[in-house]
Amino acid sequence: MAQYTKHPVAARPTAPERESTGHLLLRGYAILVLIVTFAHSAVYNLLGFVGAAVVLALFTLATIAIGVPMIAKNRPQPFRWRRLPWTALGYTTLALVSVAWSQWRGPTLITWGLLAAVTLNALFLVHVLTWNEIIRALSSAFKWILGLSLALELWVSLVLHGPLLPNFLTLPDGKIDPQWYWVRDNLLDGGRIQGIVGNANLLAIISLFAIITFGVLFAARARWRTTLALWMLLAAYFLIRTSSATAFVCAAAVAVVLVVALAMRRARTPGARTRIYAIAIGTAALGGAAVWVLRDPLFALLGRSADLTGRSEKIWTKVLERAGEHPLFGNGFSSPWIPTDPAFDHWITDHGITVFHAHNMWLDVLMQLGVVGVVLMAVAYLSLLWRSWFFAVDRPRWDLDAHRPYSPLTLLPSLFTVVLLVQGLSESTPIMLWGWMLLVLLSFKLKSVPLVGVGERDLVFERGTRPRRVP
């Protein structure tokens with residue numbers, strides 16, 4: 001029960017500040033945008049190509065309708081034009097300009113519309129939400145995706161008693177390739193599960209993102225910590241059941257970076273930090289060399305071949321051949337590839353299905369936008385890695401006070417960036433859809449608000465206390 005003094009000198013008690021209904025609705029809309037972006041394949045499997053395109057277009061139009069008036073009225077704060085992620089926007093511009101020399105102009109225009117929609121939504125989220133609200137929105141989106149994935153897997157196993165095709169199509173007679181299934185009914189038989197996103201590798205990466213998000217909120221002593229712990233257990237269960245070698249490698253990289261970041265936070269002198277950097281770099285070099293030498297048994301342990309399940313021979317060689325035709329500016333933007341276009345239809349197939357990306361984001365960019373595109377993408381990711389790292393390991397300072405406590409929330413951008421970079425070695429998703437959204441969102445937010453707790457409406461988590469507002 002709340003207590004207060006009746007002393008005549010004491011100020012009268014006031015109710016805690018409440019968020020306006022409009023801002024609560026805005027946060028709810030942000031969560032929907034994140035769900036549709038991260039689970040875009042679920043929307044595709046539910047509504048088909050046209051339905052998914054309509055949903056994305058509607059959300060983009062809604063974002064413009066909400067965001068433009070807010071920017072014009074400087075709400076909730078002036079739009080930070082100078083802090084925009086200009087390198088990422090330059091890559092987006094190059095992708096559009098590439099229609100002039102594209103070898104597949106239809107896919108270029110279609111997929112650029114997808115890239116532009118994701119970019120607009122990412123910029124909008126940064127403008128209207130604080131760091132704390134972005135992380136909470138990510139947490140809510142991941143909870144919905146994981147919860148719906150569990151519900152769908154249970155329904156398929158306990159009610160349907162068989163695999164499920166996209167768009168709830170009726171199963172044909174005879175045996176078909178499992179790659180066509182939305183859900184394979186593997187929840188109870190020990191096989192790889194796919195969830196609502198319809199892809200085990202994608203569900204694994206989302207589960208890893210969820211573990212990181214729930215973990216930093218748990219460490220920040222957010223409310224409902226027991227519930228967060230249960231969500232972390234569900235995400236860990238999905239991560240294990242998806243059996244994704246890429247996700248396991250990403251998780252190992254995240255663990256290493258987390259240990260180094262925490263050690264850097266405990267270092268008291270520049271010399272101690274230098275020693276940590278030297279030890280970390282040396283250990284990483286030795287570990288990389290050991291992995292390369294022992295790659296055959298290690299990949300066999302993960303159930304994969306040393307050539308990453310045929311990527312080097314079946315995919316990367318053909319992509320490099322096509323990239324060599326136009327090395328400087330590439331063949332034209334298309335992320336993802338459009339399987340029905342003659343340029344990609346049955347060009348590279350896996351299990352009889354046309355592959356829709358190069359399974360390596362750097363080779364994909366090289367083929368599409370050439371060396372110029374690779375340079376822009378490298379600068380965008382390296383600048384994000386640089387800013388996110390010092391955002392995590394430097395003590396928050398905006399005045400003469402050099403003893404403020406670290407916030408666990410500042411670890412999230414660097415851990416997310418490491419996942420994207422490691423995943424980009426065997427997948428192209430970091431340059432499209434949610435991968436591109438995270439690149440733009442984190443880059444813009446780190447440039448515009450480089451400290452948690454600084455700026456209008458930002459919240460600071462202090463150990464052992466509830467969130468308080470910064471004046």
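Helices here are DSSP runs of H or I with at least four residues, strands are runs of E with at least two, and both are numbered from the N terminus. By that count, the protein chain has 14 helices and four strands.

A word on the ground rules. This is a predicted model, where local features need pLDDT of at least 70, side-chain atom pairs count only at pLDDT 80 or more, and totals for chains, interfaces and linings use all residues. Residues are numbered from 1 along each chain as its sequence is written, and side-chain values use heavy atoms, with hydrogens and water left out.

Now the overall picture. Buried means under 20% relative accessible area, exposed means over 50%, and partly exposed is in between, with a 1.4 Å probe and protein chains only. Of the 471 residues in the protein chain, 48% are buried. Contact means heavy atoms within 4.5 Å. Take the contacts between residues at least 6 apart in sequence: 73% of them join residues at least 24 apart.

Next, the aromatics. Rings of Phe, Tyr and Trp (its six-membered ring) pair if their centres lie within 6.5 Å; planes under 30 degrees apart are stacked, over 60 edge-to-face, and the rest tilted. The structure holds 22 such pairs. One of them is F38 with F142, edge-to-face, at 5.2 Å centre to centre and 80° between the planes. F38 is in helix 1 (residues 21-38) and F142 is in helix 5 (residues 131-160), so this pair ties together parts 104 residues apart in sequence. Why does F38 count as buried? Because its relative accessibility is 1%. F142 is buried too, at 0%.

F38 has another partner. With F209 it forms an edge-to-face pair, 6.4 Å centre to centre and 80° between the planes. Zoom out, and F38, F142, F209, F416 and W434 form one aromatic cluster.

F416 takes us to helix 13. Which of its residues are buried? They are L412, P413, S414, L415, F416, T417, V418, V419, L420 and Q423. That makes ten of twelve, so helix 13 is largely enclosed by the rest of the structure. Its buried residues pack against helix 5, helix 6, helix 8, helix 12 and helix 14 (433-448). What about its length? The expected span of a helix is 1.5 Å times one less than its number of residues. For helix 13 that gives 16 Å, and its end C-alpha atoms are 16 Å apart, which agrees.

Compare helix 9 (residues 270-293). It has 24 residues and reaches 35 Å from its first C-alpha to its last, close to the 34 Å expected. Its buried residues are A272, R273 and I276. They pack against helix 8 (245-266) and helix 12 (361-393).

Side chains of opposite charge can pair when their charged atoms come close. A salt bridge here is a side-chain nitrogen of Lys or Arg within 4 Å of a carboxyl oxygen of Asp or Glu. How many does the structure hold? One. R273 bridges to D394, with the closest N and O atoms 3.0 Å apart. R273 is in helix 9, D394 is in the loop between helix 12 and helix 13 (412-423), and they are 121 residues apart. R273 counts as buried, at 18% relative accessibility, whereas D394 is partly exposed, at 33%.

Charges also meet rings. A charge sits over a ring if NZ of Lys or CZ of Arg is within 6 Å of the ring centre and within 35 degrees of the ring normal. R225 lies over the face of F218, 4.0 Å from the ring centre. The charged end of R322 sits over the ring of W347, 3.8 Å from its centre.

Last, the backbone. Most residues other than glycine have a negative phi, and most peptide bonds are trans. Here are some exceptions. R75 and P76 are joined by a cis peptide bond, omega about -5°. P76 is in the loop between helix 2 and helix 3 (86-97). The bond from S335 to P336 is also cis, with omega near 0°. F168 is not a glycine, yet its phi is positive, about 55°. F168 lies in the loop between helix 5 and helix 6, and is partly exposed at 44%. L433, in helix 14, has a positive phi of about 50° and is not a glycine either.
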